[in-house]
Amino acid sequence: MAKILILANHDLGLYKFRKELIQDLINRGHNIYISLPNGKMVDTMINMGCEFVDTDVDRRGLNPIKDLKLLISYLKLLKKVKPDMVVTYTIKPNIYGGIVSTINKIPYAVNITGLGTAFQNHGFLKKIITLLYKISCKNAKVVFFENQENQQLFIENKIVREENTCKLNGAGVNLEEYRFSEYPEENGEIRFLFIGRVMKEKGIDELIEVTKRIKREYKNVYFDIVGPLEEDYQDIIKNLEKQRIINFYGFQSDVKPFIRNAHCFVLPSHHEGMANTLLESAAMGRPIITSNIHGCKESIINEKSGFLFTVKDSNDLYLKVKKFIELSYQEKTKMGEVARAYVAEMFDKQMVVQMTINKLMNKE
């Protein structure tokens with residue numbers, strides 16, 4: 001029985017995508033501590049058996065004073081909890097959690113769930129983040145990745161040794177929670193669904209351009225957008241709603257009713273670790289149109305369970321959306337069935353959890 005400390009930056013993300021792993025570790029008799037900012041899902045995780053430590057994490061800010069405070073809070077936390085192992089998720093817990101674990105000589109595992117906008121650019125910030133990752137990952141027991149491109153990038157930049165890495169098939173998808181749902185009955189409507197933060201990096205600009213073109217050509221096509229709204233897009237989304245080009249629903253704690261109602265899921269992201277919304281939609285039997293990039297393309301069989309388009313190319317996205325619209329009802333239904341079968345084979349949550357635990361516990 002071990003005392004395992006999990007460092008994360010958001011309660012919803014940790015619960016939604018890691019609850020099966022946490023529950024499995026608890027069932028094996030391990031004591032699980034979670035360190036993250038307080039939120040709505042914290043009580044649920046406490047009820048699962050976790051010990052909660054309220055820790056302020058400035059998720060997106062670049063204030064070095066706040067980051068120094070986080071580093072110090074982690075140092076104090078490790079001295080107080082005295083964990084046998086530390087597991088970290090997302091960039092700041094990864095970096096500062098890795099550093100304090102090294103200082104305290106505690107085994108730790110790092111999860112790279114995506115590289116973020118700063119890592120995609122080539123400026124000074126990327127150099128700083130690369131250096132910090134080199135320091136924080138140097139002594140990691142294992143560094144988990146959700147796609148091969150991120151794994152190779154870390155190896156090629158000598159951030160981590162290949163033998164210390166492990167590529168998982170994303171966070172996986174719970175096939176019981178996201179059960180197959182019959183394709184919507186044929187009634188003349190076609191509904192496309194986007195779930196995600198409404199922001200540039202999710203490809204929302206390309207999607208908006210496509211919605212305008214498609215709505216001019218097809219009166220029976222609808223675009224449903226679900227997710228939190230970045231400030232830059234508030235007026236744009238409001239205007240699109242007024243023109244009845246899109247339907248905007250904001251953040252939803254349960255997206256399954258929206259997936260059930262959709263004929264096709266669209267995610268035009270510029271970069272992803274592994275997009276969970278793609279796995280969830282495919283698991284429920286919905287075809288997918290998404291960017292031809294790592295973190296997205298692994299979730300589909302192109303032309304069979306959906307369509308890939310060239311990232312940031314709104315015209316190619318338009319052509320793929322149009323191509324889907326012109327498919328027969330039977331072809332669309334078949335695509336959804338193939339989507340479910342593929343993610344069930346490749347992205348089963350139980351398989352990902354078992355692989356993670358084997359690595360953490362040195363069982364392979």
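Tutor: Here is a short chat about the cavities. Keep in mind that this is a predicted model.

Student: Okay. How many cavities of 30 Å³ or more are there?

Tutor: The count comes to four.

Student: How much space lies in the largest cavity?

Tutor: About 100 Å³.

Student: Which residues lie nearest its centre?

Tutor: Phe17, Arg18, Leu21, Ala171 and Val352. The whole lining of the largest cavity has 13 residues.

Student: And which elements give two or more residues to that lining?

Tutor: Those are α1, residues 11-27, and α14, residues 349-360.

Student: What about classes? How many are nonpolar, polar and charged?

Tutor: For the largest cavity, seven lining residues are nonpolar. Three are polar and three are charged.

Student: New topic. How much space lies in the second largest cavity?

Tutor: About 80 Å³.

Student: Which residues are closest to the centre there?

Tutor: Lys16, Asn174, Tyr178, Glu280 and Lys349. They belong to a lining of 13 residues.

Student: Which element gives the most?

Tutor: α1 does, with four residues in the lining of the second largest cavity.

Student: Last one. How does that lining divide by class?

Tutor: The second largest cavity has six charged lining residues. Four others are nonpolar and three are polar.

Key:
Residues are numbered from 1 along each chain as its sequence is written. This is a predicted model: local features need pLDDT of at least 70, side-chain atom pairs count only at pLDDT 80 or more; totals for chains, interfaces and linings use all residues. Side-chain values use heavy atoms; hydrogens and water are left out. On a 1 Å grid over the protein atoms alone, a cavity is a set of points where a 1.4 Å probe fits but cannot get out, and a pocket is an open set with protein on both sides within 12 Å along at least five of seven lines; lining residues have an atom within 4 Å of a point. Grid points are joined across faces, edges and corners, and a volume is the space filled by probe spheres set on the points. Ala, Val, Leu, Ile, Met, Phe, Trp, Tyr, Cys and Pro count as nonpolar, Asp, Glu, Lys and Arg as charged, and the others, Gly among them, as polar.
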